[in-house]
Amino acid sequence: MKFIKKNSNNYDVITNRKIKYIIIHYTGMKNQKLAIKRLQSKVAKVSTHYVISKKGLIFQMVDDKNIAWHAGKSKWGKDINLNSKSIGIELVNNGFEKFPKNQIKSLIRLIKTLKIKYKIKKSHILGHSHIAPHRKIDPGPLFPWFYLAKKGLSKIY
Ligand SMILES: [Zn+2]
């Protein structure tokens, strides 16, 4: 797959991390430019591996092998602080708008690729709201979990 590089320096280096999860987010910002700027900001101290534009372009900000700072305090089963074990994908969306078809198409292609590459279980493809339910609501009620489930990429309906 082809990615457009938009590097962020907000990450930790670790040797041989095990990627067990994919965590889906929305940016929750007014537009793409502001969202990417924030994901590169030294002050904000947040980042992600991938950002998907409304048109379906995929930007890579942090290499898969490094730990991006997208999940924060989080938990799933026995795993805590999922940044170290996950890949973060941010969808450009202000939190109140429908996800365009091309954006979801690219998301599905990306998830399929990562799922095969890292042998990620479909039950480990989750939203930020699942792993930090008291703090986060993204990717929100408009996110098409059912469609992902139909494609065999999620167990959330
Ligand atoms: Zn999030």
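Biologist: Which residue in S9 stands opposite Ile23?
Modeller: This is a predicted model. In it, strand S3 (residues 21–26) and strand S9 (residues 86–91) pair in the parallel sense, over six bridges. Across from Ile23, the residue in S9 is Gly88.

Biologist: And which residue in S10 stands opposite Ile23?
Modeller: S3 is also joined to strand S10 (residues 125–127), and these two run parallel with three bridges between them. The residue of S10 that stands opposite Ile23 is Leu126.

Biologist: Which residues of S3 are buried on the side that holds Ile22?
Modeller: In a regular strand, side chains alternate between the two faces of the sheet. Six of the six residues of S3 are buried. One side has Tyr21, Ile23 and His25, and the other, buried as well, has Ile22, Ile24 and Tyr26.

Biologist: Why do the buried residues of H1 line one face of the helix?
Modeller: The buried residues of helix H1 (residues 32–40) are Ala35, Ile36 and Leu39. An α-helix has 3.6 residues a turn, so residues three or four places apart point the same way. Seen down the axis of H1, the buried residues line one face because they fall within an arc of 95°.

Biologist: Are Lys33 and Leu34 of H1 buried or exposed?
Modeller: Ala35, Ile36 and Leu39 are buried in H1. Lys33 and Leu34 lie on the other side of the helix, and they are exposed.

Key
Residues numbered from 1 in each chain as written. Predicted model: local features only at pLDDT ≥ 70, side-chain atom pairs only at ≥ 80, totals over all residues. Buried ≥ 20, exposed ≤ 12 C-beta atoms within 10 Å, placed from the backbone. Helix = DSSP H or I, 4+ residues; strand = E, 2+ residues; numbered from the N terminus. Arc of directions from axis to C-beta. Pairing = 2+ DSSP bridges.
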